[in-house]
Amino acid sequence: MKRRSILKGLTLAPLVIGASSIKSIAATASVNENNLLNELGVRTFINAAGTLTYMSGSLMHPEVVKTIKDSSTHFCMMDELQDKVGENIAAMVHSEAATVTSGAFSAMTLGLAGILTGNDLKKVEQLPHLAGTGMKSEVICQKSHDERYNHAFLNTGCTIVTVETLEELEKAINEKTAMLHFLNIAADKGKINHADWLAVGKKYKIPVSIDIAADVPPVSNIWKFNDMGFDLVFLSGGKAIRGPQSAGLLMGRKNIIEAARLSAPPRGFNVGRAHKVNKEEILGMYVALKKYIATDHEKEWSQWESEINFIENEVKNIKGISTKIVIPTLGNITPNLIINWNPTHINLTGKDLREALRNGNPSIEAGFAGLPLYPNQAGSESIDPTIAATLKGENRVTITVWMLQQGEYKIVGKKLKEAFNNALV
Ligand SMILES: *Cc1c(COP(=O)(O)O)cnc(C)c1O
């Protein structure tokens, strides 16, 4: 349902790239003339919105692409590859073990599957039918941490039990409790913090997991939660790390990850068979992680700041406009330029502006009218009609620069300025 409405939203997006405009777009860094996307008539755009799955996430590092290409001409044994890559990644992220999954969502399903089944192959075959098998069947999380990605846990047959206080947590724990789950992006929304959540897990000997899918940068988050003692940590590979969009990492306890792999390809006949990751993606994920850890993050941050300042300066003196640069404290931590305007001076809604940028040449995707804390929220104009309705008529857009390619910030600044000047009352 949700997916269908996203697709619908996308197919309805105007496609206005004619032959002559292709040539001028080709002059920018984001499109090249022989691109199959252009040939098929698929719109490409400058991404000033962020790392959103429905906008194809992030662009892989050239080294990742090279790795994919170079490894594509050889065969290898998939288990051997996962063993070796997993060992190397585990050392980089300070965990006992690690394995490459098809995204953080897959890591969530497979990690929980490992807890439920252990090394019992019969149980692996029985998932997701838990009744009468002796397997546990409940995951506990805080109410404010029960967001849509937790559907990954339901795929194992488990149900989710929500609590709000430490007292409720201890009361909710019973012989069916498989795992205690924490959503890092919502750390400031729940009453129970990381350390207390972990301590309860230790006290009752129940594995504790954490979803940090979109919480890099800072780079230290890659190892921070393994160091804290979380038994399972779920991370996306195709967001800021710029690995394959379809890859992610499951990190944590050796025995759980070994068991999780029993529910994952290359083995078939299990809940994870659909979570296939090819050898090129496994290697691509590994190289992306290495590359990300080795990045000069301070330099990258000052680059983002100077680009976002440039865009802000292009528009901030236009009559009726006010701007603000905000850095979210949790999730997608990157500078966000929030542009607000007074409709008595500028005759545009946020939706109008995003559409104008989308229909421009080159096409640009700007962020949603609030802070894009959740990737799925950022797509809410085409995902959730209730949220979309509340945004109607709001005179705001959000711009991020972390997914821009070289020099594109200048185009974004110029196009924003043009759109506002065209709408001056
Ligand atoms: C993106 C995201 C996921 C899913 O990650 P994928 O790598 O796309 O599978 C899960 N949880 C949160 C909080 C996310 O932001």
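This is a predicted model: local features need pLDDT of at least 70, side-chain atom pairs count only at pLDDT 80 or more; totals for chains, interfaces and linings use all residues.
Pro362 sits in the loop between helix H15 (350-359) and strand S11 (364-366), where helices (H or I, at least four residues) and strands (E, at least two) are DSSP runs numbered from the N terminus.

Residues are numbered from 1 along each chain as its sequence is written, and side-chain values use heavy atoms, with hydrogens and water left out.

Let us stay with the backbone for a moment. Ser56 has a phi near 75 degrees, a positive value in a residue other than glycine. Its place is in the loop between S1 and helix H4 (62-71), and Ser56 counts as partly exposed at 48% relative accessibility. On this scale, buried means under 20% relative accessible area, exposed over 50%, and partly exposed in between (1.4 Å probe, protein chains only). His94 also has a positive phi, near 65 degrees. You will find His94 in the loop between helix H5 (78-93) and strand S2 (97-101), partly exposed with a relative accessible area of 40%.

Now to the interior. In soluble globular proteins, nonpolar side chains tend to be buried together. A nonpolar core here is a set of buried Ala, Val, Leu, Ile, Met, Phe, Trp, Tyr and Cys residues joined through side-chain atoms within 4.5 Å. The largest such core has 44 residues, of which Ile89, Val100, Leu169, Leu180, Trp197, Ile222 and Ile241 touch the most other members. Apart from it lies another core, of 31 residues, among them Val315, Ile318, Ile399 and Trp402. Ile222 is in contact (heavy atoms within 4.5 Å) with residues including Val93, Leu235, Met251 and Tyr292, leaving aside neighbours within four places in sequence.

Gly111 is another buried residue, with a relative accessible area of 0%, and belongs to helix H6 (residues 104-117). Beyond the residues up to four places away in sequence, Gly111 touches Leu232, Leu250, Ile256 and Ala260. The C-alpha atoms of Gly111 and Ser263 are 9.2 Å apart, although 152 residues separate the two in sequence. Glu125 itself is in helix H7 (residues 121-126) and is exposed, at a relative accessible area of 64%.

Polar side chains can be buried here too. Lys279, in helix H13 (residues 279-294), is buried with a relative accessible area of 14%. The side chain of Lys279 makes a polar contact of 2.8 Å with that of Glu280; such a contact is a pair of N or O atoms within 3.5 Å, where within protein one must be able to donate a hydrogen and the other to accept it, and residues adjacent in sequence count only if both atoms are side-chain atoms. Asn332, in the loop between strand S9 (321-326) and strand S10 (336-341), is buried at 8%, and a polar contact of 3.4 Å joins its side chain to that of Thr51.

Charged pairs complete the tour. The structure holds 17 salt bridges, each being a side-chain nitrogen of Lys or Arg within 4 Å of a carboxyl oxygen of Asp or Glu. One of them joins Lys291 and Glu63 (3.3 Å, N to O). Because Lys291 lies in helix H13 and Glu63 in helix H4, this pair ties together parts that are 228 residues apart in sequence. Both partners are partly exposed, Lys291 at 29% and Glu63 at 37%. Another bridge links Lys417 and Glu314 (4.0 Å, N to O). With Lys417 in helix H19 (residues 408-422) and Glu314 in helix H14 (residues 297-315), the pair ties together parts that are 103 residues apart in sequence. Finally, Asp79, Asp83, Arg261 and Arg267 are linked in a network of salt bridges.
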